[in-house]
Amino acid sequence: MIIEIGHFALVLALVLALAQATLPLIGAQRGIRAWMALAKPAALGQFAFLLIAYGALIHAFVVADFSVLVVYQHAHSQTPLIYKIAAAWGQHEGSLLLWVLILSFFGALVAFFGDNLPPRLKARALAVQAMIGSAFILFALFTSNPFARLSPAPLEGQELNPLLQDPGLAFHPPMLYIGYVGFSMAFSFAVAALIEGKIDAAWARWVRPWTLLSWVCLTGGIALGARWAYYELGWGGWWFWDPVENASFMPWLMGTALLHSAIVVEKRDALKAWTLLLAILTFGFSLLGTFLVRSGVITSVHAFAQDPARGLFILGILALALGGSLTLFAWRAPTLKAGGLFAPVSREGALMLNNLLLATATATVLLGTLYPLALDILGGGSVSVGTPYYTATFVPLAMPLIALAGIGPLLGWKRGDLKGALHRLWLAGGFAIAAMGVALWIDFGKQALAAAGIGLGAWMLAATFTEWAERIRLFRIGLGASLRRAVHLPRAAYGMSLAHAGLAVAIIGITASSAWKSEEVRQMKPNDSLTIGSFSYVLQGVTPARGENYIAERAHFKVMKDGAFYTDLYPERRQYMVQPMPTTEAAIESHLIGDLYAVVGEGDGKGAWTVRIYEEPLVPWIWSGCLLMVLGGIVSLSDRRYRVGAPSRSHVAQALPAAGE
Amino acid sequence: MRRLFFILPLLCLAALVVLFWRGLDPARDPSSLPSVLIGKKIAAVNLPGLGARPGINTAEFAGDVTVLNFFASWCAPCRAEHPLIQELAAMPGVRVVGITFKDVPVDSEKYLAELGDPYAAIGVDETGRAGMEFGLTGVPETYVIDRDGIIRYRLAQPLDPGRLKDELTPLLLDLTQ
């Protein structure tokens, strides 16, 4: 019964979405206020119905109602509760429903908080949002109905893929989707602005928080996914340039570019057409990712069960949404009035260069992802695209980007003083060179690229700190006065500093972990010892263990450092009961400059086990860096200008004299 | 001219959509690419062996039913299919050989030390030249070559128990008869 209510709610949501997609649009065109006002209740109602539908699905999973097809396929009565809930989005149908739920959630947020938006812009943006919503609800209803029944109902279900039974991964898809799907709001605003033929600072201020929120969630989602790969797959790596990883990385890169270009529109009324294009393309890459994952054109570890009919449907949505918006762009964007002028060396110039680099980097990732497919279809020979390709193309683009991120914030708007900025950064430069020296010393200069990466990370970190110190005039005026300035700095400024510092920290971690990771694989018997770096691992023994729905072999290592006891590690090799698939649970002990990482493999039956021990330098820095970026985004999101909508310039002007008192 | 710049994104999209459209062709199963090589004689490839193991010389394949598996230590799905390669190696009359694709020999050795070495011979293809001869789309990739040196089967994805049972095993039984 509850399942039927959910199904029915989904249909009702579709009806509301269709109404929301058409009436407000016509209303905005013809100036019919009542029709425009319809967008708000429709958006809220659509969200409410989808919430009911999703609730019904989760309920079916929690009570393990095996008369529902997707529940039978992905749940088992013995599965712990949290993974029953996670199973609701751990498969194609349920995750698609989550997709539309989040889509309508963003629509509802705009409807609810957007009372001070220009009514036409709001009506049009919500209508565009509902168009996407209708398309995806139709998709769900016709090709991937999560409420399909199974008769007769089986007594027991299959299980959620054991690899996915992990607390980190349980929250990875919702986070990622909020990020992916949230970019739809920027897209809807961009299309609405193109229909209006007007884009200004207020538009940018309206778009930025939604983009920021999506970016925060996408950053968190990607980091969770990478972390999951790191400890669950047991290969000691955390990023594999898999097509599906790339599918989430491309919107992230574009979203980052969009965040930066929207600043230029907001502050200087320039780069308007470019920003609109970015807003369209960012969501375009989200759609592309959805297509790649769900259509089966590319094989990947992440791909959902595939079906060409679904692929065709998503391709249709992608072609319509992007084709429509890009046609609109080609038609309307040339008529946009060009805004403020600026010199090449200026904050605008730096942000534009940032955008170009990010867009090019996205293009290289896109090329790497699609090249095998394209070559195959065109009947050419085949090449494999792996890490070496990305090291050769992506890294050289990322390096100037990071160097630039240190300088850009110190340049003034309109016309910047490059010499002055560099002069203020001499200390940061010295710090970077020192860091590079240390990195060269570590392996006697064998890995110049790694040293450059560490140097750049240090540069960006120090430059970000310098920029903050400049803002509060540290050591130039009294410490008390500086402190007052620090308190009164806008939160957006802190957001930027935190996010930039986070990226710097992550870059250092990424560089170090890819350059200086070391690995030992050995057959070990109890009391054997293995030394890696300054740690030696003594295998104490392997004992059977038991979890709620799995049995495991658990190894116990005593780790010694300089002859003294350091820590215990307990890696496991699990065998889930329903799906006969062994999974490894790496034991990881983090400390400031790296991770101890131990994995136990198969036993040989004669008392020895294959054991893999990794020394993973600076990996915790990657996670801390991502956390800092997320934090930076949240702090920036809490900036008061998003709440009051006061023009930011006068806000800064007010804040500064107050600080100088 | 300026107008063209604004139309460019649309043109790129059109190209992508056409690409994907063709990619969705149900006849094209991305996981088992029909290879133009099937039914042809195996390319002449001669590779040095990994460590002390014998290398790969395809000219010497004749007379045996051979399963040729491309793998690499950096390739995650290779690990996943490894137990199935071991099963194949246990089949009577089947010679399982491997080629490490764009892999550092030391890493390949570690990989084999950890997972076991089912291969009768392993060639080292550090540059990817041999991969090109086969039109490799990636690793892992598996070929079956009959006693006359003709390629009879190609799988451009990790081996799975279903394919092993339904496709490979019957073919190999047939070939080794």
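**Ground rules.** I'm looking at a predicted model, so local features need pLDDT of at least 70 and side-chain atom pairs count only at pLDDT 80 or more, while totals for chains, interfaces and linings use all residues. Residues are numbered from 1 along each chain as its sequence is written, with chains lettered from A and ligands numbered from 1 in the order in which they are written.

**Chain A overall.** I looked up the helices (DSSP runs of H or I, at least four residues) and strands (E, at least two), both numbered from the N terminus. Chain A has 23 helices and 10 strands. Its C-alpha trace spans about 80 × 75 × 55 Å along the principal axes. The radius of gyration, taken over C-alpha atoms, I held against the globule rule of 2.2 Å times the number of residues to the power 0.38. For 661 residues a compact globule would come out near 26 Å, and chain A has 27 Å, which agrees.

**A helix pair in chain A.** Next I checked α11(A) (residues 243-268) and α14(A) (residues 347-377): their axes come within 9 Å and cross at roughly 165 degrees. Axes here are lines fitted to C-alpha atoms, for helices over the stretch in contact, with angles from 0 to 180 degrees between N-to-C directions. Over 145 degrees counts as roughly antiparallel, and α11(A) and α14(A) are therefore roughly antiparallel to each other.

I count residues as in contact if their C-beta atoms, placed from the backbone, lie within 7 Å. The contact takes 37 residues from chain A and 31 residues from chain B. Helix α13(A) gives the largest share of chain A's side, 11 residues. By class, that side of chain A has 22 nonpolar, 13 polar and two charged residues. Nonpolar covers Ala, Val, Leu, Ile, Met, Phe, Trp, Tyr, Cys and Pro; charged means Asp, Glu, Lys and Arg; the others, Gly among them, are polar.

**The sheet in chain B.** I found an open sheet of five strands in the order β5-β4-β3-β6-β7, with mixed pairing. Two strands pair if DSSP finds at least two bridges between them. The edges are β5 (121-125) and β7 (151-155) of chain B, each pairing on one side only. Ignoring direction, neighbouring strands of this sheet are turned by 20 degrees against each other on average. I then followed β6(B) (residues 141-145), which pairs with β7(B) in the antiparallel sense over four bridges. There T142(B) stands opposite L155(B) in β7(B). Helix α5(B) (residues 161-176) packs on the sheet, and its direction makes about 165 degrees with that of β7(B).

Terms used: Contact = placed C-beta atoms within 7 Å. Parallel < 35°, antiparallel > 145°, perpendicular 65-115°, else oblique.
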